[in-house]
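User: I am new to this structure. Please walk me through it in short steps.

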Amino acid sequence: MMKILIVDDDRQLNNKLCEYLTKNGIEASCSYDGVEALAYLQTNQCDLILMDIDMPNLDGISTLKKIKTFSNVPVIIMSERTSEMDVIFAYEAGCIDYIRKPFYFKEICLKLKNWSSKSKAKFIRFDGLEIDFLGRTISVDGKKKNLTQKEFQLLKYLVENNGIAIEREKLLNDVWGYGFFGDDRTIDTHIKMLRSSLGKYKDYIQTIRGYGYKFEVK
């Protein structure tokens, strides 16, 4: 069963949404501000976080940035804020989606289930390159290759964004986290090691000069 955390200081909305999702096959827990959410995540795991922006003690964007320093759990922002800049700030902070309030509970439920079904792919093959997301291993033409944890996270991120050019700064933020103090050389070094492991499939990782990288199988 999919497990999510809802973070919203509107207790009535939070509790009702938790109840609705639980009745519809999604295990939902509640936190009522960013501080509570961070404390929850220190001792609990979840598949996804639904989080408001305007909350006491610690707002949603600040909470999202803190989460990214220690976890890759996906975060969907839900907010009454509708300006273009608010949406941009949320995506730049690392959210995967932005839902405007008010919304229908059924809409949220279907969106979560659709996301869950897409994320359940445990094994994928590109010609002779096989990636086992559950076992966190890859094989090249039947030969298993050893990757470091960060190399595998980087490859997984690129594959999940197949065909999308991703800038170096975003790779650093989303894979290493906002608390990591590194530069472009960190990305370039790991890409070089990844390509070495991929062998004849190394060209699946394309360099976008002056921007970043893209995983694409033509």
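Analyst: Contact means heavy atoms within 4.5 Å. This is a predicted model: local features need pLDDT of at least 70, side-chain atom pairs count only at pLDDT 80 or more, and totals for chains, interfaces and linings use all residues. Residues are numbered from 1 along each chain as its sequence is written, and side-chain values use heavy atoms, with hydrogens and water left out.

User: Which residues does Asp97 touch, not counting residues up to four places away in sequence?

Analyst: Asp97 is found in strand E5. Helices (H or I, at least four residues) and strands (E, at least two) are DSSP runs, numbered from the N terminus. With residues up to four places away in sequence left out, Asp97 touches Val75, Ile76, Ile77, Tyr91 and Lys111.

User: Is Asp97 buried or exposed?

Analyst: Buried means under 20% relative accessible area, exposed over 50%, and partly exposed in between (1.4 Å probe, protein chains only). Areas come from the Shrake-Rupley method with a 1.4 Å probe, and for residues only the protein chains shown count as cover. Asp97 has 19% relative accessibility, so Asp97 counts as buried.

User: Why is helix H7 largely enclosed by the rest of the structure?

Analyst: Helix H7 spans residues 168-176. Its buried residues pack against helix H6 (149-160), strand E10 (166-167), helix H8 (184-198), strand E11 (205-208) and strand E12 (212-215). Helix H7 is largely enclosed because its buried residues number 7 of the 9.

User: Which residues of H7 are buried?

Analyst: H7 is followed by Gly177, whose phi is positive, near 100°. Within H7 itself, the buried residues are Arg168, Leu171, Leu172, Asn173, Asp174, Val175 and Trp176.

User: What is the omega of the peptide bond from Lys101 to Pro102?

Analyst: Most peptide bonds are trans. Pro102 sits in the loop between strand E5 (97-100) and helix H5 (105-119). The bond from Lys101 to Pro102 is cis, with omega near -5°.

User: What is the phi of Asp127?

Analyst: Most residues other than glycine have a negative phi. Asp127 lies in the loop between strand E6 (123-126) and strand E7 (129-132). Asp127 is exposed, at 56% relative accessible area. Its phi is positive, about 55°.

User: What is the relative accessibility of Asp141?

Analyst: Asp141 is in the loop between strand E8 (137-140) and strand E9 (143-145). Its phi is positive, near 50°, in a residue other than glycine. Asp141 counts as partly exposed, with a relative accessibility of 43%.
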